[in-house]
Amino acid sequence: MRLLENTFTSFWAGRSSVSFYADRSSMDDEEFSLVEKEELEEELAVTSMASKAISNYHRELHTLNRRFAHMLGLESIDGKENPAGPTALSQIFRVVLDEWDTEEVLARIVVYKCFEKSVLSNLGDVYEAMNLYLAEKDVLPELSQQRSRGWVRNRQQAHSPAGRSSDADSSTVEDSAVADTGSGAEEEPIPTLQEIWQYVRQLASQGVPGAAGTGAASNQHLPVLPRNNVMDALSNMQSAALSDLDLENVEWNAVQDRIRQQLSQTLCLDEEGNATHRFGEQDQQTIDLIMMLFDQVLDDANLPDAMRALIARLQIPVLKAAIADDTFVDDQQHPARRLLNDLAAASVGWRDDGDRSEKSLYFHVKQTVDRIVHEYTEDIALFDEVREDFARFMEKRARLKKILEDRLTQAVSGEEKLEVAQQRVEEVLHELGVAYLPAAAREILEKPWKKLMTILLLREGEEGANWQKAVNLAKLLTQYLGRDAGSVDRQKLLSSIPDIISGLKKGFSYIS
């Protein structure tokens, strides 16, 4: 709350309202390259959820931005500077989360997803309420902001006894949270990912909106589906889930919901659609975590659709591996997690040029995914095997890329050296007065001999013997055939002709 208040204070004072995270955004390229991969993943998670909220509420935010700008006496403001905007709220939450000392990036991403579902996905009514309040206070009232049914409903609930009771409850919780923060000097142990998810599930059972992806808590009276049944159903789904055809026109935000529905319909419902079973608590937690993990991967704006379609097919095999192996959640080096990370990292920023040949990245990602989808049963070693194959391809690809980069560097360097050499030869010939030679002699020196001198200068430099011979021969030609040719000793000219002809022959033979 203090950070939010400071953000608004800075904004109304005319200072940047996002100064508390400016250090991250102002990093230069060298510093940015040193950022750990986990921090980059976290940065992508924060940016992604803020961008999605901005897209969802762009109309409300546009109107709010105009009203805020008017209050500051400005024509407009950058949407990222809006202290109530998704960017500011997301970065404030990140600053708060930085106080949590854990290196488990998946745990942090789960918390970000919960924040997105619980806070950012419910901002529409807040922005409408802010616009309505400002309009009532004569802040650009001509910007009509229609009340949505959701805002009216929430406002009515806020004035109802139930609404006031809810507010009181939340206030009590908030007060107790503050009291807990101030009491006790001992540091609490860092919660594990399992403990985080149990807390999230507890919130879901209490009706906190968006706290978890499924509503299993409401079916506690149903018998738990045996683990063997879950694994058998996942194996059946794995062979047919998300084929290339299925993924051509899929909306990625709906992928995980569709998989959850398939799981529920296949395992927990009878033919009439009535619930007959429920997932065990641990299985349900694992399902939700894997869905969130793939949410994060597939939501990356830098991941091309073609690669997104391939990686999405791994959801059922990875889910199956996670349920079969209890160490999956807490083990960052788990083979399935490492494979998913490698494929996502290799695919981010890939440019789809239509190449599907055996040399292309697309072909090898698809080959890797196909092997997992069609061959994985119970042996987790398959993930390591296909990951090693993919790593060998990436190493070979990196070597080829390095060779191409070196060749390009050499080519660029060679072009620069060539330009310098050509300029130096031009200077030498100009100083010798080649322009005043007869046409035949000028043709020789300005064309083949000029090329020879350029080659010799590049290879030997100005100290090279052959370069100096080529320059001396050009001097002889300009001396005997140039402007001062009439003053040259004829006898000396005749004695030099054999050397001139021999030198020309050797030079022409050198460049032939």
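Colleague: Hi! How many helices and strands are there in the protein chain?
Modeller: The protein chain has 23 helices and 0 strands, where helices (H or I, at least four residues) and strands (E, at least two) are DSSP runs numbered from the N terminus. This is a predicted model, where local features need pLDDT of at least 70, side-chain atom pairs count only at pLDDT 80 or more, and totals for chains, interfaces and linings use all residues. Residues are numbered from 1 along each chain as its sequence is written, and side-chain values use heavy atoms, with hydrogens and water left out.

Colleague: Thanks! What about tyrosine 127, buried or exposed?
Modeller: Tyrosine 127 counts as buried because its relative accessibility is 0%; buried means under 20% relative accessible area, exposed over 50%, and partly exposed in between (1.4 Å probe, protein chains only).

Colleague: Which helix does tyrosine 127 lie in?
Modeller: Helix α8, residues 124-136.

Colleague: And what does tyrosine 127 touch?
Modeller: Leaving out residues up to four places away in sequence, tyrosine 127 touches Tyr57, Glu60, Leu61, Leu64, Ala84, Gly85, Pro86 and Leu89. Contact means heavy atoms within 4.5 Å. Leucine 64 is 63 residues from tyrosine 127 in sequence, yet their C-alpha atoms are 7.3 Å apart.

Colleague: New topic: which residues of α6 meet α7?
Modeller: Leu89, Ser90, Phe93, Arg94 and Leu97 of α6 meet Arg108, Val111, Tyr112 and Phe115 of α7.

Colleague: Nice! What share of the 512 residues in the whole chain is buried?
Modeller: Buried residues make up 40% of them. As for contacts between residues at least 6 apart in sequence, 73% join residues at least 24 apart.
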